[in-house]
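Reader: Could we go through this model together? I would like to discuss helix packing, strands and salt bridges.

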Amino acid sequence: MRHTASTPVLVIGGADVRRLLPMEDCIPIVESAMREVSRGGAQLPLRIGCAPPGTPNILAVMPGYLDEPPTIGAKVIAVYPASAQRGLSSHMGVVVLFDSREGLPLAIIDAASITSLRTAAATAVATKALASEAAADLTIIGTGEQAAAHLDAISLVRKLRSVRVWGRCKEKAYAFADREARPGQPNIEVYGAVRDALLGADLVCTTTGSSEPIVEGAWIAQGTHVNLIGASSAGAREVDDALVLRSSFFVDFRGSALAQAGELLSAMGSNAAKHIRGEIGEVLNGSVPGRTDEFEVTVYKSLGIAAQDLAAAHAIYQRAQQRGLGVRAEL
């Protein structure tokens, strides 16, 4: 179908995003996108941003292109950490989707819901690819939106035996445990110390906004798979150098990891590229080995890439058209 200059843009809010793309559907979509990235079927310029002086806030732009599905667009997102204290997402913005042949804008979609979904879905893809098949004891560091999304996602790729959580605020940790309790899932245990929460864990997700390490490599047991989610700049890191040095280190995209993966850059410096075993897409495509034995500590560093946003946005847009959801607006 050819689009005309008067083709309206479809505006899709967060509630419709969650209705149109449940986590169990998002995981295979993100997996396909990560495979495509590692086959060279994407263009992913580094994220750029600007920050109001004297604040931790940033406005970031993530443009990208995917060969399959043919998709071009950008995520524009305001990262305001303090927003979470007011009951808002700390990542607010829009994903703008364009027709890849004609360049016409197709959709403007809530970015907070897409970011939450695709980040956790990518972690689930990495966990499925790297964690031991028997891994069943999950520790989540952090109690925010991403912690909840990751609990949902990980439970879809591993049968969990136990779930532990640590947060800086114990009251929020208990509230998280109550809010995220699900029938048929293990009870969520709250711990007052990070080290205690990690004892016995073979799956770990760090989802904090910490700029300094809160997890030490010595606390991670042999055979554990660790997902590093929260830190997204070269100057921030959730775990210490020791964990990076002892691990087999995997990333979502080399280009962004070598520029922005704080844990990797701190531990390895100029040798960072050599320490990356591969992208998750390379593991999935069979060009790089994943876990090699039951004692290996594997780490997946998530920075989030536009390919994941665009693949999710493409699916959301297609489904919204089919179901008559969203609001049409003339530009």
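Predicted model: local features only at pLDDT ≥ 70, side-chain atom pairs only at ≥ 80, totals over all residues.

Reader: At what angle do α2 and α4 pack?

Author: Helix α2 (residues 23-38) packs on helix α4 (residues 145-157) at about 75°, and their axes are 10 Å apart. Axes are lines fitted to C-alpha atoms, for helices over the stretch in contact, and angles run from 0 to 180 degrees between N-to-C directions. The angle therefore makes α2 roughly perpendicular to α4 (65 to 115 degrees; under 35 is roughly parallel, over 145 roughly antiparallel, the rest oblique). Helices (H or I, at least four residues) and strands (E, at least two) are DSSP runs numbered from the N terminus.

Reader: Which residues make that contact?

Author: M23, E24 and I27 of α2 meet A149, D152, A153, L156 and V157 of α4, where contact means heavy atoms within 4.5 Å.

Reader: Turning to β11, is it covered on one face or both faces?

Author: Both faces of strand β11 (residues 203-206) are covered: L203 and C205 on one side, and V204 and T206 on the other, are all buried. Buried means under 20% relative accessible area, exposed over 50%, and partly exposed in between (1.4 Å probe, protein chains only).

Reader: Which strands pair with β11?

Author: Strand β8 (residues 137-141) pairs with β11 in the parallel sense over four bridges, and I141 has T206 as its bridge partner. Strand β12 (residues 225-228) also runs parallel to β11, joined by four bridges, with V204 opposite V226. Two strands pair if DSSP finds at least two bridges between them.

Reader: How many salt bridges are there?

Author: The structure holds 15, each a side-chain nitrogen of Lys or Arg within 4 Å of a carboxyl oxygen of Asp or Glu. One of them joins R118 and D309 at 2.8 Å, N to O. R118 lies in helix α3 (residues 111-130) and D309 in helix α12 (residues 306-323), so this pair ties together parts that are 191 residues apart in sequence.

Reader: Are R118 and D309 buried or exposed?

Author: Both R118 and D309 are buried.

Reader: And what of E180 and R182?

Author: Their closest N and O atoms are 3.2 Å apart in a salt bridge. E180 is buried at 11% relative accessible area, whereas R182 is partly exposed at 44%.

Methods: Residues numbered from 1 in each chain as written. Heavy atoms only, no water.
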